[in-house]
Amino acid sequence: MQIDFLEVALIKISSPLGNLIQTHQTLADGSTRIRNFGNISETLEEGESPTEAAQRGLYEELGLAIALDRLQVTGKSDEIKPSPSTGQLKAYRFWDFALEISIEEAEKVPPSVQEGDVKTHFTWR
């Protein structure tokens, strides 16, 4: 059995408003998927470093243009677990980042982001 391997950047964002939480997602059929995730995640693309993936994810998901030197790896972990959608085993390497942003940057973070049929909602806690 082949196990897919994915590397994922996980970015914890804090500001004077608190920590950014991905609270839930609204799906195309109107149903809600509860998340309560304390990070933004981005899968690494081929040839991309974890820091570059983190930078890209912050821009694509939140519109934040963050310099690479502000993103520091705070940890790394490996897991093997079933895919939520298929049940097939996947191996993950998670790269943890912590980012402190200013009040001005925090105020630019949208309360929700639409990607395809899924709308992701955020709050500061």
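His-121 counts as buried because its relative accessibility is 15%, where buried means under 20% relative accessible area, exposed over 50% and partly exposed in between, using a 1.4 Å probe and protein chains only. This is a predicted model, in which local features need pLDDT of at least 70 and side-chain atom pairs count only at pLDDT 80 or more, while totals for chains, interfaces and linings use all residues. Residues are numbered from 1 along each chain as its sequence is written, and side-chain values use heavy atoms, with hydrogens and water left out.

Back to His-121: it sits in strand β8. Strands here are DSSP runs of E with at least two residues, helices are runs of H or I with at least four, and both are numbered from the N terminus. Setting aside residues up to four places away in sequence, His-121 touches Ile-21, Gln-22, Thr-23, His-24, Gln-25, Thr-26, Pro-111 and Ser-112; contact here means heavy atoms within 4.5 Å. Leu-99 is another matter: 22 residues from His-121 in sequence, and 19 Å away in space, C-alpha to C-alpha.

**The core**

What about the greasy part? In soluble globular proteins, nonpolar side chains tend to be buried together. The largest nonpolar core in this model has 22 residues, and the members touching the most others are Ile-11, Ile-13, Leu-20, Leu-58, Leu-62 and Ile-101. A core of this kind is a set of buried Ala, Val, Leu, Ile, Met, Phe, Trp, Tyr and Cys residues joined through side-chain atoms within 4.5 Å. At least two core residues come from each of β1 (4–15), α1 (50–62), β6 (89–100) and β8 (118–124), and α1 gives the largest share, with four. Take Leu-62: beyond its neighbours within four places in sequence, it is in contact with Ile-13, Leu-20, Ile-40, Gly-57, Lys-108, Val-109, Pro-110 and Phe-122.

There is one aromatic pair by the rule used here. Tyr-92 and Phe-94 count as stacked because their ring centres are 5.4 Å apart and their planes are at 5 degrees. The rule pairs rings of Phe, Tyr and Trp (its six-membered ring) when their centres lie within 6.5 Å, calling planes under 30 degrees apart stacked, over 60 edge-to-face and the rest tilted. Both Tyr-92 and Phe-94 are buried.

**Salt bridges**

The structure holds seven salt bridges, each being a side-chain nitrogen of Lys or Arg within 4 Å of a carboxyl oxygen of Asp or Glu. Three of them are set out below.

| Pair | N to O distance |
|---|---|
| Arg-56 and Glu-45 | 3.6 Å |
| Glu-48 and Arg-56 | 2.9 Å |
| Asp-78 and Arg-93 | 2.7 Å |

Glu-45, in contrast, is partly exposed at 46%. Glu-42, Glu-45, Glu-48, Arg-56 and Glu-60 are linked in a network of salt bridges.

The Asp-78 and Arg-93 pair also links distant parts of the chain, joining strand β5 (residues 72–82) to strand β6 across 15 residues. Asp-78 is partly exposed, with a relative accessible area of 48%, and Arg-93 is partly exposed at 23%.

**On the surface**

Some nonpolar area is left showing. Ile-3, Ile-80 and Leu-89 make a surface patch with about 250 Å² of accessible area together, the areas coming from the Shrake-Rupley method with a 1.4 Å probe and only the protein chains shown counting as cover for residues. Patch members need over 30% relative accessible area and no salt bridge; nonpolar side chains (Val, Leu, Ile, Met, Phe, Trp, Tyr) are joined within 5 Å, and like charges within 9 Å. Ile-3 is found in the segment before β1 and counts as partly exposed because its relative accessibility is 36%.

Gln-88 lies in the loop between β5 and β6 and is partly exposed, with a relative accessible area of 33%. Although 84 residues separate Gln-88 from Asp-4 in sequence, their C-alpha atoms are 8.7 Å apart.

Most residues other than glycine have a negative phi. Asn-36, not a glycine, has a positive phi of about 50 degrees. Asn-36 lies in strand β3 (residues 32–37) and counts as partly exposed, at 43% relative accessibility.
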